[in-house]
Amino acid sequence: MTKRVFSGMQPTGSVHLGNLIGAFNNWVTMQDEYDAIYCVVDFHAITMPHEPAELRVNRTYLAKAFIAAGVDPERSLIYRQADVPQHAELMWILGADTPFGPLTRMTQFKDKSEKAGERFGLFAYPLLQAADILIHKATAVPVGDDQTQHLELTRDIAQRFNGMYGEVFPVPERITPEIGARVMSLQDPTSKMSKSDPDQNATVMLFEDPDRVMKKFKRAVTDSGTEVRYDWDEKPGISNLIEIFSVFSGASIPEIEAEWGESLYGHFKVAVGEAVVEGLRPLREKFESLDDGEVEGILTSHAARGREMAEDTLGEVRAAIGLA
Ligand code: TYM
């Protein structure tokens, strides 16, 4: 079986540290070992209210962010989901046999419905995600911790289909980083870092000005006490910073505790901020060097290849269910 990796990200604005640590870092390393496909999931992005002009810009911006983060278009396929409409056809087919109980229990469906009201797109969202993954027969899906439920559902859908119609889909494995699978807000370390957070200091964007990044770390909320110690129950703010520092410095968590345990919180926060600023520098430089026209060209040609690959799977699926 081909080792194939698929993952997606929504073009809903800037990209942040959680996206980098939870997803991009694995996307980049997995290119070496896997046949890789990374997708700007614009069909998913329209499940929340959106401005058409902003979406248009964000679709290209996000593809540039993929490349700036280290996705190599020479080795990996990068395309926009809406350019490969086969995703939507497979979603319909998979939905035909999917009970809706599990869809109503998805936490992201519940959270987003609270914000945006009842929208069929939010309900059907995980079915489309399953179709994204299965249309490429992906064997591995690198994501952050918040996608666990969606991945479990994808595995169930693949198994149900194979059981009913014969082995068509591999059952994909979820890949999350050991450290940083859930990067938390710098202002409220009990909630996830998110691009929709109204508090500007909560989220560190990948290509933002280094001074602003530094300020956000200096202002990061810490905990009572004085010790720099890894303990999510007692010290969520410091534990979040320790994880971020570990990812950017390469030091293990015990090494960080040994070196910084007795330091003042303020000094530790500066050290984390400096490590992040240095680590993000090459990404920002790469992002700024990219030409929109060239990236458009890559997306167009890669989408053509994506359609061919998706058609191959759909051919098998149609035959398996009696539509061909
Ligand atoms: P999205 O666009 O919200 O996020 C993209 C990726 O970033 C990860 N992530 C985080 N990781 C760690 N800490 C955080 N604070 C954090 N915030 C976001 C997400 O887990 C994700 O991996 N439903 C998906 C998009 C999608 C998809 C797919 C993913 C659509 N089809 C198929 C994989 C395979 C989403 O909304 O991701």
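Why is strand E1 largely enclosed by the rest of the structure? Five of the six residues of E1 are buried, so the strand is largely enclosed. Buried means under 20% relative accessible area, exposed over 50%, and partly exposed in between, with a 1.4 Å probe and protein chains only.

This is a predicted model, where local features need pLDDT of at least 70, side-chain atom pairs count only at pLDDT 80 or more, and totals for chains, interfaces and linings use all residues. Residues are numbered from 1 along each chain as its sequence is written, and side-chain values use heavy atoms, with hydrogens and water left out.

**Stop one: strand E1**

Helices (H or I, at least four residues) and strands (E, at least two) are DSSP runs, numbered from the N terminus. Pick Met9 and find its bridge partner in E2, Val40.

**Stop two: the ligand**

A backbone N or O atom of Gln10 lies 2.9 Å from a ligand oxygen. The side chain of Asp132 places an N or O atom 2.7 Å from a ligand nitrogen. A polar side-chain atom of Asp146 is 2.4 Å from a ligand oxygen. Taken alone, the ligand exposes 710 Å², and the protein buries 96% of that. These areas come from the Shrake-Rupley method with a 1.4 Å probe.

**Stop three: His136**

Go to the loop between H7 and strand E4 (140–142) and select His136. His136 is buried, at 1% relative accessible area. Its side chain makes a polar contact with the side chain of Tyr79 (2.6 Å). A polar contact is a pair of N or O atoms within 3.5 Å; within protein, one must be able to donate a hydrogen and the other to accept it, and residues adjacent in sequence count only if both atoms are side-chain atoms.

How values were computed
Pairing = 2+ DSSP bridges.
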